Amino acid sequence: MEKAISISENPFYKTNKKGANIKENAVVGLTQIAVILIIAILFIILGIIIYQGREKFSWEFISSFPTDGMTKGGIFPALIGTFILVIVMSIAAVPFGTITAIYLTEYAKENSKFAAAVRFSIRTLAVVPSIIFGLFGLGFFIQFVGTGMDSAFNNGQLHWGQPNILWASLTMALLTLPVIIVSVEESLKTIPRELREASLALGATKWQTIKNVVFPGSISGIMTGTILAVSRGAGEVAPILFTGAAYYLATLPESLSDQFMNLGYHIYIMSTQSSDVEKTMPIQFATTLVLLILTLSLNLVAVIIRSRIRRRAK
Amino acid sequence: MNSEFPIKKTFTKESLKKQFRLSEFLAEKIISSVAFLSIAIIFLIFIFVFKESLPLFSFGKKDKVKTEIQSTSNVKVESYNTAESSTEENQPETYGAPAEDLEPETYGAPTEDLNPVTQEAKVAESESLEPESYGTVTEDLNPETTTDQEVVIDEKVTGNIEGADKTWSTFFSTEWVPVSDNPRFGLLALLIGTLKVTIIAMLIAAPLAILAAVYTSCFASNRRKEIIKPIIEMLAAFPSVVIGFFAMMVLATFFQDIFGYDSRLNAFIGGVAMALAAIPIIYTISEDALSAVPKTFTEASLALGASKAQTAFFVILPAATPGIFAAILLGIGRVFGETMIALMATGNAALLSANPFESVRTFAATIGSEMAETVFGETHYSVLFFIGSLLFIFSFILNAVAEFYVKGKLIKKFQGK
């Protein structure tokens, strides 16, 4: 009996048994509402953007240049610029990220301070605001490396010391590095210890084991990481604001030292700095739709590959 | 212990030793030095972002020479005053703002006093449209700066020292007027704007995301869990520019129709949009924390006769508090440094008021919108980099707290150490 009294002090049991059930349901319902609300918001965003963007969205829109002061025409150069950006970015970030992940899973000792520091910096890298990467790109790549390259090879003529694709891609590579490292590390961990031990027992050295056993097993993880990084890099705008994105270019970029147009940046300038925001509304929604399709479908692919890796782990 | 193996006779001590292989050695060294790079990047980011803001701290003579070199290398000797359009230099083929190239450089045109506070709406255009003015008119308006200017023309060294002093004194003022004859860099106005947006965003995002996490980890069936989790995490895949665009085009109009306030883009809209960006982060981390609570906790609570809801809110949630705290910290970090949403949805006016329906300007948005038109080496440029280093330090500390403090607590709680 004593126990029953102490339970009754519990806010859930202040009423009779039936009332308690109602409260129980109300609490569960509240959490359910939160879930439904979030999912509803997500689909409302998707729905509105698809609905508003669908009239302009066509093959012609994707494959033609903007015309009439960007009030008509397509987004072809922005799309190509985004592609070049993510390709150069992947070339820089994927090997780097893969090697770091291999270090963390294969070489790092259990209680190594160095490995802990590496892990901490990767997590920090993941939470640093993207605009800081933009500032770093400007301060380091453009002002320091670029200007240094100019004075060394170019007789001080301004060539590399200004915003261009290369610097923007490298800046973006730093931003997406944690994404790649985390996915590769996750997939490396799913490779059974027995495989490694079998390889070592057969007389292979550690490096041979990594090269011939561990690395082939992590290909799917590298792919997931790359896809997620590409999806992130395609959507980020802040890091390229002052490291290479251009308002409008009449031609496609020809070399790494050219500026480029970018989908996300295109949305930003069209909606804030366009001469006629109202008139170009359909173009803006269609551009947003293209960007959203790009990032979401990439993510979907990554999620599918990732769930396969997880199944392998089980 | 039988120490004498017969095998020892065929293998010498030397041959049993681990052989030195160059390829092994190199592979390990190369791989760990690549891993070291990620530590180096963190330092480099801090050093190079902070380095550009150094002129602000230079009261001595050493750096003065440096700034002088910088300004001459930029071929902008007369560029001490800020109202100058340098955008052409950085962006060779800009399409919009056609007046930029057409407008002749007028010296001493009186236009400047007409719009002293230009950053209200669109800095990019209003600033570049402003003709370059060179002091003659402003002389009677603020004598303080003109003396500064003359000093600079004659002798750069003393001019810059006064400039550095003055910049610091304006940091705690409430006005952010970087482009004027008497530039004021009131970080206070920006700080309040940033805080306002962050608080609004967290008030919306934290309860929603945590409740959703409680549902997924405590109440939902496994099948539902597998549907809900990827969908909410899909929200994280939305680029921030898309969320900003949606807030600006749809949410702003929607909420204005409901509440009927004046400025269409304001702190509230920015906060709502940033909540969308913060929800997946808070949700994922709190869900992990809630799922990490040992099953025995739940079982013990249920065995004692508690209901599912009681177990969730009085047993699991308290046990996962450190993790949820970390989730909120990282959510704050995300909102605090979010640039594109702030640029597009907050209205970008540095007003000082407590009203959530007024336009605000955040730190990150200030950097994003003003960096393109500053001149390398000038005070405004340094101030923006200084704000950048503040943001970096802030997010670094948030992450460190989330990492060390929270992890330590969790381990103590679950393992009883």
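**Contacts between chains A and B**

In this predicted model, 79 residues of chain A are in contact with 75 residues of chain B. On chain A, the elements that contribute two or more residues to the side touching chain B are helices H2 (17-53), H4 (76-107), H5 (113-127), H6 (130-153), H9 (206-217), H10 (219-235), H11 (263-272) and H12 (281-313). The greatest contribution comes from H2(A), which supplies 16 residues to this side of chain A. By residue class, the side of chain A that touches chain B consists of 53 nonpolar, 22 polar and 4 charged residues.

Val35(A) lies in helix H2 of chain A. Across the chain boundary, Val35(A) touches Ala212(B), Tyr215(B), Thr216(B) and Ile228(B), with residues up to four places away in sequence left out of the count. Val35(A) is classed as buried because 23 other C-beta atoms lie within 10 Å, where the class requires 20 or more. Between Val35(A) and Arg310(A) there are 25 Å in space, C-alpha to C-alpha, and the two are 275 residues apart in sequence.

Within chain B, the domain assignment gives domain 1 (20-52) and domain 2, the latter made up of two segments (53-84 + 148-417). Contact between these domains involves 6 residues of domain 1 of chain B and 7 residues of domain 2 of chain B. The side of domain 1 of chain B that touches domain 2 of chain B comprises 4 nonpolar and 2 charged residues, with no polar ones.

Conventions:
Residues are numbered from 1 along each chain as its sequence is written. Chains are lettered from A and ligands numbered from 1 in the order in which they are written. This is a predicted model: local features need pLDDT of at least 70, side-chain atom pairs count only at pLDDT 80 or more; totals for chains, interfaces and linings use all residues. Two residues are in contact if their C-beta atoms, placed from the backbone, lie within 7 Å. Helices (H or I, at least four residues) and strands (E, at least two) are DSSP runs, numbered from the N terminus. Ala, Val, Leu, Ile, Met, Phe, Trp, Tyr, Cys and Pro count as nonpolar, Asp, Glu, Lys and Arg as charged, and the others, Gly among them, as polar. Domain bounds come from an automatic or database domain assignment. A residue is buried if 20 or more other C-beta atoms lie within 10 Å of its own, exposed if 12 or fewer, and partly exposed in between; C-beta atoms are placed from the backbone.
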